[in-house]
Amino acid sequence: MFVLAAVILLTSCGSDDKDLQNLHSEADLAGHRVACTSGTVYDLMLSSRTDIEKAVFNTHTDCISALLEGHIDVYVDDDCLIPPDEMKRLGIRLAFRGEENFPCGMVFRKEVSGIRDSLSFFIDSLRATGELQRIYDRWFLNETPSKVPMPDLGPVPTGNPIIIGEVADIPPVAFPKEKEWRGLEPELMERFSRYIGRPVEFKYIPMGSAVASLQAGNIEMFGGGIFITEERLKTLDFASSHFSAHPGYFVKDGTVKMHGGFGHRIKNAIYNNLIVENRWRSITDGLWETLKISILSILLGSLIGAGICWMRMSRHKWIYTIAKIYIDLMRGIPMLVFLMIMFYVVLSGMGLSATFVAVVAFALNFAAYVSEMFRTAIMAVGKGQTEAGLALGLSRWQTFIHIIAPQALQNVMPVYKGEAVSLVKNTSIVGYIAIQDLTRASDMIRNRTFDAFFPLLIVTILYFIIAWLLGKLLDLTVKSSTKK
Amino acid sequence: MITIKHLSKRFTDPDGTFLDVLKDVNCEIDRGEVISIIGPSGTGKSTFLRALNLLDPPTGGEILFNGENILAKGYPLNKLRQKMGMVFQHFNLFDHLTILDNITKVPLLVTGISREQAEEEAMALLRKVGMSEKAKAMPSDLSGGQKQRVAIARSLAMHPEVILFDEPTSALDPTMVGEVQSVMRQLANEGMTMLIVTHEMKFAHDISSRIFFMNEGIIYEDGTPQQIFENPVRSATKTFVQRIQKLVFEVDSPDFDMLDVHTQMGRFCIKYNIAGKLDTANKITDLMTSSVMAERYPYTLRLTHSEQKEVTALDFMKENVDVSPLRSPEVDPQTMDSLRALSQDIIEETTTRGFRVKFII
């Protein structure tokens, strides 16, 4: 009996359900563990409170997972962040709303007034007629905003599209579904498209790289419930506010209990993460993207690597010096930083696709590493092999291709395989330049289901299979090349 | 077939220091000749071979092959090397190819031969060197002797006019030297022109039509095996072919450390397996230094041993003298008798520099 009581006491300590029942205002937060996402106004708001235990996470998905797992008591964010139907499904409820009012607007870079002024005028006129409120109500007052269809707005104008970044993936603000973007912002922008006579195109961009993308001109503007703050106005411009958010204080709903056995829960996980809204499609699309980038980078990188290797082994001092500098430079830059530099600085504004830029960036990095592997593998083939080839009457080139290269290939394969597999895994950072790869696909599903485990498990298995198959493929290549 | 004039090779380091390995090599090689190149280590034997097929291009001189200057710009080097085969000390078989492919690979690449015909020829060559059973094996499955036989077959597949052998048996286990040498003998009997760098004197003596003794970067002495091995003209040749080992002391005063002489002679005798002669050598040395040579400083004391002829000698040499010290009236007959009793023979002779008393022991 004592043991049982101790267990109950231990498991219930910290998050007293009864206590959370009486959470009605900001004053009641005292003594609780409160979470928010980093860099938001809520982060600032909570910093001024010394009577609470503050936890800061990178994404709202992480906050919700922490709330569900019981690591935190309260999660504060935009009240519209978790729609009613989602709250019910997850076992979360909105304890209360804060009184603050945060106007949100579409973000533009400074000194680009044309489209911003038109959008501001368009939003202001919608507000004047009451149309803006009607759009807001349709998305925000619905119990299940993810099921609200986009209205029929007539034919899409033709011409050069306006590229719009979306940092949100949240109903009812903006969310991708069935190959189109839905929500308040997409509807507003589609209406604006008809008004201005140009098509619009949406692109998911993580908050971390949205501003860089904007400055580089990859996108015209971005949205996703971005608050208009004094600080942001110093470096960015906003169109007229199109809606306002309020702080929402979310807590775990103690009345909802997880039910069903293990099998039932697995079935639910598969249904929610894969079947609903054809979510498996984002996994297969992401897988294809990851494969495409990996394979093209490995092929291109190996070619460039062979070139660098040749330069490195050159007898001309300045040629091998250039190769050496290139190798040292590439090995000294973190891949993520290099990818961002390529996308937002070096190759920006040329109209190149993000996938193309990713392939080039990964290939250049891969080349630096494999060129040194090629070099050591070639040097490991004894000098006698070259001499035997030459002495029999082969030219230098024939000796290299027919005698040295096949042996070097065998030598290099174990380390080359490791580097190729490591490249595949490294491609998981391409989400930073708005590519929807396998990792990003799991994030998208996680954003919707707040199930941390299942989507991560699936992509883990998929990455493992890719790596394994790649290894087998490379082994086969070596076998067939040496059999001849 | 090959004429070599004033051939030289200088190796230069990046820091500017250089080494003249070949200084002035001149020779004429006719079709069908089997020439062994012998000489001490580091005298340019291998460099000479590698200069011939331009693996280490010479830095001076002229090489005429069938009357054409192969050092001329634009000379078809790859064609030359097909006609001038090479067999290496470390075999250098292509490690990633089977034995059969090792032989067919290059003919298939450079001649218009069909795979079928190439393989047929390769099998015939493998049979000739006794390796046809191993056609499908990899080089790593073979012993050193087997590898070298395959390497010879590979070289023959190009139908060369001459084959250069660069120490073909030096890397082999002693038990495998014979199998490679017998393949080479067979080639020599068939009239193949061969240049062989070797340390196997008996083999060189038996197989060759001519011997080049190389020393100090030149062909120091050139002749038939009989001339070179039995009657060498120059002393360096003789020292080398008779494998003469020397221990030399310049005795310049009565204070010379004779105990050290005895210690070194002891080591010398043990090293060349003539420990039984140490006692005699010590006794003669003591007698000579205490009586005959006592007032004749400086003089040279030399212990020599020819490994080939198994002859050991103790020499006492005095410069600028033309009379034997033994003939001096001060030498008492008793000492002379003892010296005669100790040695097999005593040779007294004048040399270019003075007089030498040689005790054969």
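This is a short walk through a predicted model with chains A and B, beginning with chain A and ending with chain B.

Some ground rules. Because the model is predicted, local features need pLDDT of at least 70 and side-chain atom pairs count only at pLDDT 80 or more, while totals for chains, interfaces and linings use all residues. Residues are numbered from 1 along each chain as its sequence is written, and chains are lettered from A and ligands numbered from 1 in the order in which they are written.

Chain A, then. Its secondary structure comes to 19 helices and 14 strands; helices here are DSSP runs of H or I with at least four residues, strands are runs of E with at least two, and both are numbered from the N terminus. The C-alpha trace of chain A spans about 90 × 70 × 40 Å along its principal axes. Of the 484 residues in chain A, 38% are buried, meaning that 20 or more other C-beta atoms, placed from the backbone, lie within 10 Å of the residue's own. As for contacts, which require C-beta atoms placed from the backbone to lie within 7 Å, take those in chain A with a separation of 6 or more: 76% are between residues 24 or more positions apart.

One residue as an example. Tyr204(A) is found in strand S10, residues 200–204 of chain A. Is Tyr204(A) buried or exposed? Tyr204(A) counts as buried because it has 21 C-beta neighbours inside 10 Å.

Next, a pair of helices. The axes of H12 (residues 280–312) and H15 (residues 354–380), both of chain A, come within 5 Å and cross at roughly 45°; axes are lines fitted to C-alpha atoms over the stretch in contact, with angles running from 0 to 180 degrees between N-to-C directions. H12(A) is therefore oblique to H15(A), as angles under 35 degrees count as roughly parallel, over 145 as roughly antiparallel, 65 to 115 as roughly perpendicular and the rest as oblique.

Finally, chain B. The domain assignment, automatic or from a database, gives domain 1 (2–241) and domain 2 (244–360). Their centres, taken over C-alpha atoms, are separated by 44 Å. Where do the chains meet? 18 residues of chain B are in contact with 17 residues of chain A. On the chain B side, helix H2 (77–83) and helix H3 (99–110) are the elements that give two or more residues.

Key. Two residues are in contact if their C-beta atoms, placed from the backbone, lie within 7 Å. A residue is buried if 20 or more other C-beta atoms lie within 10 Å of its own, exposed if 12 or fewer, and partly exposed in between; C-beta atoms are placed from the backbone.
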